[in-house]
Amino acid sequence: MIKRMTLMLVAVTIIFGGIFGFKWYQGVMMGQYFASFRPPPVTVSIATAQQQSWHPYLTAIGTLRARYGVNISAEVEGIVKAIRFNSGQEVGKGEPLLELDDEVEQANLRIFQAQLKLNQLNYERDKALIKKQLVSQNQFDRSFAEYKETLAKVEQTKASIAKKKILAPFSGRMGILQVDLGQYIDSGTSIGSLQSAKTMYLDFSLPEKNLTHLFVSQTVKFAVSAYPGEIFEAQLAAIDSKVDINTRSLQVRAHVDNSQQRLVPGMFADVTLILEPAQALAVLPATAVNYSLYGKEVFIVSEQQGDDGSTRLIVNRQRVTTGQQQGDLIAITEGVQPGQQVVIDGQLKLNNGTEIAIAPALSKE
């Protein structure tokens, strides 16, 4: 019995010893494996920070306006007797544009001029006689009043005749003719548009927060859809004296040299307002910057020597201060130097010290 118990104890000891020995060996082997384990590198895309001359700017949508622009209209009604311009014609200040029939007014003028001559003779005769007290003061006053009344009628009729002739108020280009010869028009009827567009205004609005960035003679660049890819320049000429209380925006006006008359009033313009002199800054694709509760950061790529003498690429977080974003690029004012390589895609799997592999097809220099 004792011998059997001894054999059983020995057998149990051997079995459990083998189990524990295997577990110990397994643990040693796993420790050695994990001690030498090297996670596979994370595949990312990178870009090199480039130094560029960076111009801070603001953008807006503007409208081109003629320096002088009006719709020419008739002050009085009448029948169109003569048209003195063609559609699109250049006209000078004071040139006749259109004449209305004035036969009635001309006839009235001749009547009033005849009456004026008679009343003037009566007045001058009474003026000489009253000095000799040969006419009463009442007679003299009446002749003087009749003379002045007829003179006023002559002047009034001349003014009516003048309004039958429409003159150009300034030099410019006429638009499309809106009336026909022989047509009866009412007062206020437009006969065409006159635009003086050799110098133009570019009007646009900016948020009130940008007031401190604005100054007269500031460079303004703009593009219009009629000339794709072409950039025009203007000079900021005036800043409105108040902010619109409804939009909280500030009206701004720039002067445009349009001596070649390629631009037309009413065009929409994509405006770029240059704020400051150019600065040399490190520039990266905007996707390189990660935004978190702790601020803005990027992953900078660096080389590290392994225990086996091999070189590998790793990344480390770097806090950055960003400037303005222009298109797909963003300026880095602090935290990155030109020439440093930065991860631009695949940041979600990265931490400090993570080994990376570069995806050649996605890498950008």
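Visitor: Why is Arg 262 called partly exposed?

Guide: In this predicted model, Arg 262 has a relative accessibility of 28%.

Visitor: What makes the contact between Glu 230 and Arg 262 a salt bridge?

Guide: Their side chains meet with N to O at 2.7 Å. A salt bridge needs a side-chain nitrogen of Lys or Arg within 4 Å of a carboxyl oxygen of Asp or Glu, so this pair qualifies. Glu 230 lies in the loop between β11 and β12, and Arg 262 in the loop between β13 and β14, so the pair ties together parts that are 32 residues apart in sequence.

Visitor: How do you know that Arg 312 and Glu 355 form a salt bridge?

Guide: The closest N and O atoms of the two are 3.4 Å apart. The limit is within 4 Å, so the label holds. Arg 312 is in strand β18 and Glu 355 in strand β22, so this pair links parts 43 residues apart in sequence.

Visitor: Are these two residues buried or partly exposed?

Guide: Arg 312 has a relative accessible area of 23% and is partly exposed. Glu 355 has 13%. Buried means under 20%, so Glu 355 is buried.

Visitor: What makes Glu 75 and Lys 163 a salt bridge?

Guide: The N to O distance between their side chains is 3.7 Å. That is within 4 Å, so the pair is counted. Glu 75 sits in the loop between β3 and β4, while Lys 163 belongs to helix α3, so parts 88 residues apart in sequence are tied together.

Visitor: Why is Glu 75 called exposed?

Guide: Its relative accessible area is 56%. Exposed means over 50%, so the word applies to Glu 75. Lys 163, at 38%, is partly exposed.

Visitor: How do you know that Glu 99 is buried?

Guide: Glu 99, found in strand β6, has a relative accessible area of 13%. Buried means under 20%, so Glu 99 is buried. Among the residues Glu 99 touches are Ile 79, Val 80, Arg 84 and Lys 164.

Technical notes:
Residues numbered from 1 in each chain as written. Predicted model: local features only at pLDDT ≥ 70, side-chain atom pairs only at ≥ 80, totals over all residues. Heavy atoms only, no water. Helix = DSSP H or I, 4+ residues; strand = E, 2+ residues; numbered from the N terminus. Buried < 20%, exposed > 50% of the residue type's maximum accessible area, 1.4 Å probe, protein only. Contact = heavy atoms within 4.5 Å. Lists of a residue's contacts leave out its neighbours within four places in sequence.
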